[in-house]
Amino acid sequence: AAHTSAAKPADITAAIAPVTAKIAAIEQSVKAVEQAEDSRQTNAERVVFAMELQNLKRALDRGQTFTQELAVVEKAASGKFDLSPLQKFKDQGVPTLADLKRDFRDTANSMIDAEAGIETNSVVDKLIAGARSVVRVRKIEHDTSDMSAEAIAGRMEKLLNEGRLGDVLSEADALSPKAKDAAQPFLDKVRARASVDSALASLEDQLKSSLSGSSSEPVTKTQ
């Protein structure tokens, strides 16, 4: 009778090695396709987010409420970007830089009058103050050591014209208590605009990083 020897494990391994290698190659190929599709999908989502973010900016630049635009951006963000700094302003909007520049003249006059102790509480006082503001001339250039309301107003106006809202707020910190109280409604508007601008800048930086693949972390909250 013929005698057949059993196949050795080493022989079996050698025989199936080509098949094993092909299976591994196929698995790697499938994984690469899946990764490419995930990357394509992620980039497409971020492009949509970028487009909706620009629509939101246009609404903000018109000084409008942006409830609807923010809702669309939130949907496009899919929870990957922190939009909370914008939430509290969505129903009332924020003033434009042009609005702030326009409003500053009356604010500056109010600051100066408050520091000088000039009352503008009655209707007559306000009418007189309004008439005076039409023809009032303020000195713009002052010594850097001058801490009068007029000098600070001059520096604030220059910073405002340069769009440096954070520096406007910092300069206002040097106002006397009376002058600062008079300027508070205006400063609140500046703070709102500065907060929104900062949040948008952070979102755009995060978006650029995510598109370049250098970061995938969500934007941190803006104070």
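Q: Axes here are lines fitted to C-alpha atoms, for helices over the stretch in contact, and angles run from 0 to 180 degrees between N-to-C directions. At what angle do the axes of α4 and α6 cross in this predicted model?
A: The axes of helix α4 (residues 97-116) and α6 cross at roughly 175°. They come within 9 Å.

Q: Why is α4 called roughly antiparallel to α6?
A: The crossing angle is roughly 175°. Angles over 145 degrees count as roughly antiparallel. Therefore α4 is roughly antiparallel to α6.

Q: Which residues of α4 and α6 meet?
A: From α4 come L97, L100, K101, F104, A108, M111, I112 and E115. They meet A149, E150, A153, M156, E157, L160 and N161 in α6. By class, this contact has ten nonpolar, one polar and four charged residues.

Q: What makes α6 and α7 a roughly antiparallel pair?
A: The axes of α6 (residues 149-161) and α7 (residues 165-172) cross at roughly 170° and come within 8 Å. That angle is over 145 degrees, so α6 is roughly antiparallel to α7. I152, R155, M156, L159 and L160 in α6 meet L165, D167, V168, E171 and A172 in α7. The residues here divide into seven nonpolar, no polar and three charged.

Q: How do you know that the buried residues of α7 line one face?
A: L165, V168, L169, E171 and A172 are buried in α7. Seen down the helix axis, the buried residues fall within an arc of 160°, so they line one face of α7.

Q: Which residues touch the most other members of the largest nonpolar core?
A: They are M156 and L175, in a core of 22 residues. The helices α4, α6, α7 and α8 (177-212) each supply at least two residues of this core. Beyond its neighbours within four places in sequence, M156 contacts F104, M111, V168, E171, A172, L175 and L187.

Q: How many residues are in the second core, and what makes it a core?
A: This separate core has 21 residues, including L60, V73, F89 and V196. The members of a nonpolar core are buried and joined through side-chain atoms within 4.5 Å.

Q: Is D113 buried or exposed, and why?
A: D113 lies in helix α4. Its relative accessible area is 5%. Buried means under 20%, so D113 is buried. D113 and K178 are 65 residues apart in sequence, with their C-alpha atoms 9.3 Å apart.

Q: What is the phi of S78, and where is its place?
A: S78 has a positive phi of about 55° although it is not a glycine. Most residues other than glycine have a negative phi. The residue is in the loop between α2 (67-77) and α3 (84-87).

Q: Why is S78 classed as partly exposed?
A: Its relative accessible area is 48%. Exposed means over 50%, so S78 stays in the partly exposed class.

Q: How many helices and strands does the protein have?
A: There are eight helices and zero strands. Of its 223 residues, 30% count as buried.

Methods. Residues numbered from 1 in each chain as written. Predicted model: local features only at pLDDT ≥ 70, side-chain atom pairs only at ≥ 80, totals over all residues. Heavy atoms only, no water. Helix = DSSP H or I, 4+ residues; strand = E, 2+ residues; numbered from the N terminus. Parallel < 35°, antiparallel > 145°, perpendicular 65-115°, else oblique. Contact = heavy atoms within 4.5 Å. Nonpolar A, V, L, I, M, F, W, Y, C, P; charged D, E, K, R; others polar. Buried < 20%, exposed > 50% of the residue type's maximum accessible area, 1.4 Å probe, protein only. Arc of directions from axis to C-beta.
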